[in-house]
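Please read these notes with the model open beside you.

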Amino acid sequence: MEDQLNKEKRFNTLITIVSIAIPVVVAILFGIKIPGIAPLSMLPPVYATINGLTAVVLVLAVLAIKNGQRQRHQYLMTTAIVFSLLFLVMYVAYHMTSDSTPYGGEGVMRTLYFFILITHIVLSIAIIPLVLKTYAKAYLKQFEAHKKLARITFPIWLYVAVTGVVVYLMIAPYYVS
């Protein structure tokens, strides 16, 4: 029992460090432009597709666990985490080689775009510890706690994945070729 508590404490410490480090490192890297590198303009549609795939994988994972397919669920959730990491790496790489694209829409569409963008960004930061904690609960075989936390984590993560695609589709017409 004590070993289990020590493992959980170590996980919680690591989750806290990672949950703070990722947004801080991303913010720092956003301020850095790699000189002499051509803009990686092919990345936005790729990472938007990865966001879309993440959403599909999340839904498939929930269906798998509801059908008692624990191994499939575990595989799909690990895949969703890998997709999210790939997205993050490509997103940062794009922004380190390219200037941010201003949204060119007006009126209600502009307000809607910024609402979706801001909620997407805020929740993408909040989802980091939620995903890690949910994953840790399953790893520690605390399945009831995992299930309870997953009910919060899943809709937020799904929202982040779907709105990532929506933000891309809304800003895509304004990318400079």
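1. Serine 98 touches Lys33, Pro39 and Leu40, leaving out residues up to four places away in sequence. Here, contact means heavy atoms within 4.5 Å. Serine 98 sits in the loop between α3 (70–97) and α4. Helices are DSSP runs (H or I, at least four residues), numbered from the N terminus.

2. A word on the basis. This is a predicted model: local features need pLDDT of at least 70, side-chain atom pairs count only at pLDDT 80 or more, and totals for chains, interfaces and linings use all residues. Residues are numbered from 1 along each chain as its sequence is written, and side-chain values use heavy atoms, with hydrogens and water left out.

3. Is serine 98 buried or exposed? Serine 98 is buried, because its relative accessible area is 6%. Buried means under 20%, exposed over 50%, and partly exposed in between (1.4 Å probe, protein chains only).

4. Leucine 123 lies in helix α4. Leucine 123 has 26% relative accessibility, so it counts as partly exposed. Beyond its neighbours within four places in sequence, leucine 123 is in contact with Ile156, Tyr159 and Val160. Leucine 123 and tyrosine 159 are 36 residues apart along the chain, yet their C-alpha atoms are separated by 8.3 Å.

5. Now the cavity. Its lining consists of Glu8, Phe11, Asn12, Lys133, Ala136, Lys137 and Leu140 in the largest cavity. The elements giving two or more residues to this lining are α1 (2–30) and α4 (107–139). A cavity is a set of points on a 1 Å grid over the protein atoms alone, where a 1.4 Å probe fits but cannot get out; lining residues have an atom within 4 Å of a point.

Conventions: 1 Å grid on protein atoms, 1.4 Å probe; cavity = no way out; pocket = protein on both sides within 12 Å on 5 of 7 lines; lining within 4 Å.
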